[in-house]
Amino acid sequence: GKGSYCAACARVYAHIFDGVATVLRKDHPELQLHGLSDDWRSTMDHDSTWSREFFSKSNHGSEAQPPEYASYHFYAFLPPGRALDMARFNVSFVFAQAASFVRQARAIRGQIDHADWGLGPKTKLNFDEVGLIGGSGCPLHSARGAARLFVDERLFFNLGAAMFAFVYGELAAIGADMVAASQTLVSMTASFPLHVAFSHRW
């Protein structure tokens with residue numbers, strides 16, 4: 001994930017991608033590459049600057065070949081310190097972020113389609129991590145930490161599943177090619193969260 005945008009970082013990332021992609025395509029021409037892996041933070045005003053810069057010809061070498069997939073992460077963040085009695089607030093908070101993410105995903109789809117570098121509308125979309133995670137007040141910043149916000153951990157997983165179902169349907173509507181549910185297997189008795197992604201490819 002990229003985090004906060006800076007122009008110099010975007011250029012460096014593009015050059016690193018070009019170098020790695022060139023080597024991989026030479027040694028493994030059958031590979032389909034994924035690029036950017038942008039992340040979506042808890043802020044709801046995340047813009048698509050990273051995507052715009054990555055798919056700009058001016059940031060890549062003349063021989064650089066674009067990835068077959070544009071990839072993204074999305075985690076809705078729970079508000080810190082909210083317990084079971086605030087379940088309704090948590091639901092609203094999470095789905096507001098999910099709706100914002102879907103709007104941004106639509107905008108980025110259009111941006112990639114009209115970019116001056118890349119495969120245009122043939123660029124596939126892979127949302128390779130979609131999940132629910134704890135905010136800054138949660139231990140471990142993990143699904144396990146977020147689950148501790150609730151007296152009944154089933155509420156955490158049910159909320160995550162409901163959000164994923166919503167996001168999944170909306171991304172399918174904009175032509176996403178792959179969507180993966182992240183952090184779906186977490187044991188409260190384990191010493192660390194098990195990060196697993198299940199994906200569906202249309």
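On the side of α1 facing away from its buried face sit the exposed residues Ile-16, Lys-26 and Asp-27. Exposed means over 50% relative accessible area, buried under 20%, with partly exposed in between (1.4 Å probe, protein chains only). The model is predicted: local features need pLDDT of at least 70, side-chain atom pairs count only at pLDDT 80 or more, and totals for chains, interfaces and linings use all residues. Residues are numbered from 1 along each chain as its sequence is written, and side-chain values use heavy atoms, leaving out hydrogens and water.

Now turn to the other side. Ala-10, Ala-14, Phe-17, Asp-18, Ala-21 and Arg-25 are buried in α1. Viewed down the helix axis, the buried residues fall within an arc of 105 degrees, so they line one face of the helix. The arc is that of the directions from the axis to the C-beta atoms. These buried residues pack against β1 (34-38) and α2 (49-54). Contact here means heavy atoms within 4.5 Å. Helices (H or I, at least four residues) and strands (E, at least two) are DSSP runs, numbered from the N terminus.

Beyond its neighbours within four places in sequence, Asp-18 contacts Asn-59, His-60, Gly-61, Ala-64 and Trp-117. The Asp-18 side chain makes a polar contact with the side chain of His-60, at 2.7 Å. A polar contact is a pair of N or O atoms within 3.5 Å; within protein, one must be able to donate a hydrogen and the other to accept it, and residues adjacent in sequence count only if both atoms are side-chain atoms.
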